[in-house]
Amino acid sequence: MRNAVHELIPDGRRENGDGVFRTVKLHGKKDMTELVVHVSGALPRSEELFALLRRHARGRATWEDVRGAAREESSGWVRFQKELGFDLIADPMLLWHDHFRPFAERWSGVEVNGLARWFDNNVFYRVPVFKGRPGSRGGVLRDYLFPEQLVGCRVKLILPEPFTMVALSERRVEVDPGELAVEVARLLAFEVRQFVRETGVSVEMVQLSAPYVVSRRLGDREAEAVSESVRALREGTGTRVLLHTFFYPLSNASDWIADSGADVVGFDATVTSAEEVLSTGLRGEIAVGIVDSRSSRVERPDEVMGLLGRLVEAGFSRIHLTTTTDLDYVPPQVARAKLEALREIRAAYSGRRR
Amino acid sequence: MSELFRTQEVGSLSRAPFAKKLGSPESAEEALYWGKLLRVEGHEELYNALRSGSITQEQLIDWASLYGIRFHEAAGLDVVYDGEQRRVEMYEHLISRVENAVILGRVKVWDAETYRKAAIVGVPRLREHAYLDEFLFVKSKARREVKVPVTGPYTLMDWSYDEFYIQRQAVSLGPLERRRRAREELLYDLVENVIRPELRALVDAGARRIQIDEPALTTKPDEVRLYVDAFNEMVKGLGATFTLHVCYSDYSKLFPHIAEMKVHEFSIECANRDTLSPGLSEEMRKGYSVLKLFREHSVKAKVAPGVTDVHTDFIEPPELVRDRLLYAAKLLDDPAQVIACHDCGLRTRRWEVAFEKERVLVKGAMLARREFSGS
C-alpha cells in the first residue's frame with residue numbers, strides 16, 4: 001500500500017494536493033496523517049560571527065559589519081532548510097541575542113536590564129523592563145531578520161509568546177500582567193502585518209515560543225491571558241498560530257491547553273510522553289519537538305518511531321516534526337546534523353508505513 | 001591571619017597586563033609598573049626578557065602566576081592564589097583533561113558570550129591533573145595561606161552534553177525518570193573518577209584549603225539534594241577545609257538541603273544585589289537578606305558573602321564594605337562566622353580596578369574588626 005501521496009513535479013518540489021504544505025501523508029488508524037517538518041527556533045552562530053559581535057560590543061566593528069556577516073550565514077541556513085525539503089522555512093534569527101531582545105530594545109515603554117537565567121539552562125537573557133505601556137512604529141522584524149532570503153518561501157515566523165515575555169519581565173507600570181500580555185500580542189501582530197506588507201514575505205504560520213506556560217501550572221486568569229494573546233495574534237495577523245511549549249511537560253497545561261485557541265500546540269518530547277499529550281485532549285494537529293535541541297546526540301529515526309506511531313494511531317491529522325526549541329544550544333555542525341535527523345525521521349516513517 | 005573577617009579572593013583575575021599586551025611595546029612597561037607596585041622579586045628580569053623578546057610561553061605563564069600571587073598579597077589578603085593565570089576558562093580547563101569528554105564547539109551563554117562545550121561520550125576519567133602543577137607552583141611562591149579553586153562536578157555535568165548515560169536508561173522509564181537517573185550516574189562518576197582523584201592529589205601535595213566552584217548549582221533546583229549527597233561523598237576522608245562557591249543564583253533553592261552539606265565555608269555573591277549606601281538597615285543591606293536563610297536553617301559552616309561587586313568599576317568605600325560585613329555578622333548572629341571576600345573572581349575587571357577592590361576589601365574588614373575590638 002502506498003501511503004505517501006505526494007508527487008514529484010518537474011522542478012523537484014513536491015505537491016500534496018491541499019496547497020498548504022509539501023508533506024508526506026500517511027494512513028493512520030482512523031485517518032490520513034500528514035507529516036510536516038520545520039525548525040522551531042534560532043540556529044547557532046559561527047565562532048566568527050560571535051567574535052564579530054563581541055568586537056561590535058567593544059566598538060571595534062560596525063553594526064553593518066555584523067549584519068553583513070550575519071546575512072551571509074543566514075543565507076546558508078535558509079538554503080540548508082530548503083535542501084532538506086522543510087515545509088516551512090524559518091529565519092535563523094542570528095541577530096537575536098534572546099527571544100525578547102529585538103522588541104525590548106526597539107519598542108517604546110520597554111528597556112532591557114540585567115541578565116537572568118533562561119529557565120534551567122546555562123543561558124541568560126536580558127530582562128525586559130516595562131516602564132510604561134509598550135508601543136511600536138514597526139520595523140523590528142524587518143531589521144532583525146533577513147526578509148530578502150525568505151521571499152518565495154513558505155515562512156514560519158518565530159515570536160515570543162506574550163505571557164511568557166511579560167512573566168519574565170520586570171513591570172514598573174501599573175497594569176495587570178494578562179492585560180499587558182494581550183497588548184504585547186497586538187503589537188506583535190502589528191509587527192507581523194507590517195513585515196508582510198513591507199517585504200512581501202509569505203508568512204504561513206506564526207510560532208509563539210511558550211516555555212513559561214508549562215514551567216508550572218498556570219492559574220485560570222493566567223491561562224486565559226495566554227489564550228487571549230493567541231486569539232489576538234491569530235486575528236491580528238490572519239495567520240495560523242503554533243503555540244510551542246518546551247523544557248517542561250505539556251501535562252502542566254493539561255487543563256487548558258486544548259482550549260488555548262492555537263491552531264497547533266507543540267510539545268517537548270524529551271519531557272513529555274505520548275500518553276501525557278493524549279490526556280490533554282488535544283486532537284487534530286500537533287507539533288512534536290522530537291529532536292532535542294539541548295543535546296549533542298543526534299536522534300536516530302528508530303528511537304522516535306514509537307512516539308510517532310502512538311500519535312498517528314491516536315488520529316492526529318497533521319504532525320509537525322520539529323526541534324524542541326532553538327538549536328543554538330549546540331554548535332553549528334551538530335545543528336546541521338539535527339536538522340538532517342528531522343528529514344531522516346520523516347523519511348523513515350513514511351518508508352515504514354508503506 | 002586575621003581571626004575575625006578573614007579576607008580572601010574567590011579565584012580569577014584577568015590576564016596579567018604584560019601577558020595581555022604581549023608583543024606590544026607596553027608589555028615590558030606593564031611588567032615593570034606592576035612588578036614595582038606588587039614588589040615582585042626579579043621583575044627586572046621579566047622586563048628585560050619582554051624588551052628583548054626572549055621569553056618562552058612557559059616562562060610567561062610562570063611570571064603571570066607569580067604576579068597574580070603577589071597581587072593578592074600586596075593588597076593584604078589573608079588567603080591567596082594566583083588569579084588562575086594558567087587557566088583559559090574554568091570549565092574548559094578541567095573538561096579538556098577528562099577522558100571521554102569531547103569538546104564539540106562554542107555555544108552561547110548570553111549575547112555574544114560563549115564557552116566551548118563538551119559531550120560526555122563514555123565514563124569520564126581524569127586523564128591528567130588540571131590543578132596539581134599550578135598548586136605546587138603557587139605553594140612554592142606564596143607567602144600567605146593558599147586556597148585552590150577547583151571546578152565542581154555538578155557544573156561539569158550541567159555544562160556538558162550527555163551522549164552516554166541517557167542511552168543506558170530504559171525507554172520504559174519515561175523521559176523525566178530516564179534523565180534523572182542518567183544525571184545521577186554521571187554526577188557520581190564525575191565525583192569518583194574526576195574530582196576525587198584531583199582533590200586527593202592536591203591534599204597529598206599539601207593543599208589545605210580547596211574551593212569547589214559550582215556556578216551551575218541552582219540551575220535545576222530539584223537536583224540540589226542529589227548534589228549535597230554527592231558533595232559529601234566527594235570530600236569524604238580528605239583532610240582539607242572546603243569552601244563551596246556559588247554565584248549569581250537564587251540561593252533560596254539551596255535550602256534546606258545545604259544545611260546537611262559537609263562543607264566548611266559557603267562563598268556567595270551579595271554585593272551585586274545590594275545598595276551602594278553605607279548603613280546597617282535592612283533597606284540599605286538588602287543584598288544580604290539571604291543570610292537569614294543560613295541562620296534559619298542552622299547552617300554551621302562559615303559564610304563568605306561578597307562585599308565587593310566584581311561586575312562594576314565602582315570602588316566600594318571601605319565604610320560600605322565594613323557595613324556589609326557588620327550586617328552579615330548581625331544576621332548570622334556571629335562575627336566569627338563571616339569571611340570577607342568578593343562576589344566572584346575579578347576576571348572581568350582591569351588590574352587597576354581589581355587591585356583597588358582588593359585594597360578596600362582589606363580596609364573594610366579592618367574597620368569591621370575594630371567594631372569588635374573596641375579600638
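Reader: In chain B, what share of the contacts with a separation of 6 or more comes from residues 24 or more positions apart?

Author: Good place to start! Keep in mind that this is a predicted model. In chain B, residues 24 or more positions apart account for 76% of the contacts with a separation of 6 or more.

Reader: How many helices and strands does chain B have?

Author: Chain B has 12 helices and 12 strands.

Reader: What percentage of the residues of chain B count as buried?

Author: The figure is 49% of the 375 residues. As a general idea, nonpolar side chains in soluble globular proteins tend to be buried together. Here, the largest nonpolar core has 113 residues. Y67(B), V148(B), V303(B), L325(B) and A328(B) are the ones that touch the most other members.

Reader: Which residues is V148(B) in contact with, leaving aside its neighbours within four places in sequence?

Author: They are Y81(B), Y131(B), F135(B), L202(B), A207(B), I210(B) and Q211(B).

Reader: Let's turn to the backbone. Which two residues does a cis peptide bond join?

Author: Look at the omega angle for this one. The bond joins F255(B) and P256(B), with omega about 5°. You will find P256(B) in the loop between strand 9 (241-246) and strand 10 (265-268) of chain B.

Reader: Where is M93(A), and what is its phi?

Author: M93(A) sits in the loop between helix 2 (63-83) and helix 3 (101-106) of chain A. Its phi is near 60°, a positive value in a residue other than glycine.

Reader: Is D333(B) buried or exposed?

Author: To decide, count the C-beta atoms around the residue. D333(B) has 9 other C-beta atoms within 10 Å, so D333(B) is exposed. M93(A) counts as buried because it has 23 C-beta neighbours inside 10 Å. D333(B) also has a positive phi, near 60°, and is a residue other than glycine. Look for D333(B) in the loop between helix 11 (318-332) and strand 12 (340-341) of chain B.

Terms used. Residues numbered from 1 in each chain as written. Chains lettered and ligands numbered in written order. Predicted model: local features only at pLDDT ≥ 70, side-chain atom pairs only at ≥ 80, totals over all residues. Helix = DSSP H or I, 4+ residues; strand = E, 2+ residues; numbered from the N terminus. Buried ≥ 20, exposed ≤ 12 C-beta atoms within 10 Å, placed from the backbone. Contact = placed C-beta atoms within 7 Å. Core = buried A, V, L, I, M, F, W, Y, C linked by C-beta atoms within 7 Å.
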